[in-house]
Amino acid sequence: MKEKRDLKIQAIENGTVIDHIKAGQALNVLRILGISNAFRATISFVMNAPGAAGIKDVVKIEGKELSVEELNRIALISPKATINIIRDFEVVQKNKVVLPSYVEGVVRCINPNCISNSSEPIKSKFSVLQSEEEGVILRCLYCEHVISENIAENLL
């Protein structure tokens with residue numbers, strides 16, 4: 001009989017744990033947060049980990065609490081993610097991300113003829129919908145173009 005082993009990731013003293021990230025999206029979450037090799041705090045992440053609700057990713061970031069804008073971007077690519085705020089090694093706050101109904105200046109319209117892609121000083125604007133079948137759906141408020149796949153690739 002094989003012995004069951006649990007994967008352990010070092011606890012963080014203060015920071016954020018983003019759990020229940022859609023499988024395969026952890027690297028996009030790091031990109032959304034602007035975390036690169038220049039970031040000096042401890043970062044841990046697990047991709048394709050088994051969880052109660054299926055396969056998931058998890059990201060732990062020492063010394064960082066997320067802004068509303070960062071949470072909105074994460075919600076676009078992983079609307080079932082949970083955010084745990086850690087202080088003195090304890091979870092002091094646990095919330096699910098909230099999918100915004102509208103985003104501005106967050107996503108690039110995929111329609112090359114959209115006015116938001118011109119030289120005009122206009123920020124992109126999208127209404128945000130969620131569908132059981134298709135997941136997150138973004139509709140450009142200027143040209144009505146819809147983005148329902150590869151949203152992370154179009155984040156600004």
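Predicted model: local features only at pLDDT ≥ 70, side-chain atom pairs only at ≥ 80, totals over all residues.
1. Cys 109 is found in the loop between β6 (102–104) and β7. Its relative accessibility is 4%, so Cys 109 counts as buried, the cut-off for that class being under 20%.

2. In the model, the chain over residues 103–150 is 0% helix and 35% strand.

3. **Negative surface patch.** A patch of negative charge on the surface brings together Glu 132, Glu 133, Glu 134 and Glu 149. Glu 134 is found in the loop that runs between β7 (125–131) and β8 (135–140). With a relative accessibility of 49%, Glu 134 counts as partly exposed, because the exposed class requires a value over 50%.

4. **Overall architecture.** The protein has two helices and nine strands. Read from the N terminus on, the order of elements is β-α-β-β-α-β-β-β-β-β-β. Along the principal axes, the C-alpha atoms fill a box of roughly 60 × 35 × 25 Å. Of the 156 residues in the protein, 40% are buried.

5. **Backbone at His 20.** Most residues other than glycine have a negative phi. His 20 is not a glycine, but has a positive phi of about 60 degrees. This residue, His 20, is found in strand β1 (residues 15–22). His 20 counts as partly exposed, since its relative accessibility is 34%.

6. **Backbone at Phe 89.** A positive phi, of about 65 degrees, also occurs at Phe 89, which is not a glycine. Phe 89 lies in the loop between β4 (82–87) and β5 (90–96).

7. **Salt bridge Glu 65 to Arg 87.** How many salt bridges does a search of the whole structure find? The search finds four. One of them joins Glu 65 and Arg 87, with the closest N and O atoms 3.0 Å apart. The pair links distant parts of the chain: Glu 65 is in the loop between β3 (54–62) and α2 (68–77), whereas Arg 87 is in strand β4, and the two are 22 residues apart. Glu 65 is partly exposed, at a relative accessible area of 41%. Arg 87 is likewise partly exposed, at 39%.

8. **Salt bridge Glu 70 to Lys 64.** Glu 70 forms a salt bridge with Lys 64, and the closest N and O atoms are 3.1 Å apart. Are the two partners buried or exposed? Both Glu 70 and Lys 64 are buried.

9. **Salt bridge Arg 73 to Glu 69.** In a further salt bridge, the closest N and O atoms of Arg 73 and Glu 69 are 3.4 Å apart. Both residues lie in helix α2, where Arg 73 and Glu 69 are four residues apart, about one turn of the helix. Their accessibility classes can be stated separately. Arg 73 is buried, because its relative accessible area is 11% and the limit for buried is under 20%. Glu 69, at 49% relative accessibility, counts as partly exposed.

10. **Nonpolar surface patch.** Which residues form a nonpolar patch on the surface? The members are Leu 27, Phe 45 and Met 47, which together have about 260 Å² of accessible area. Leu 27 lies in helix α1 (residues 26–32). The relative accessible area of Leu 27 is 48%, so this residue is partly exposed.

Key:
Residues numbered from 1 in each chain as written. Heavy atoms only, no water. Patch = residues over 30% accessible without salt bridge, like charges linked within 9 Å, V, L, I, M, F, W, Y side chains within 5 Å. Areas by Shrake-Rupley, 256 points an atom, 1.4 Å probe, with all protein chains shown as cover. Salt bridge = Lys/Arg side-chain N within 4 Å of Asp/Glu carboxyl O. Lys, Arg positive; Asp, Glu negative; His and termini not counted. Charge placed at Lys NZ, Arg CZ, Asp CG, Glu CD. Buried < 20%, exposed > 50% of the residue type's maximum accessible area, 1.4 Å probe, protein only.
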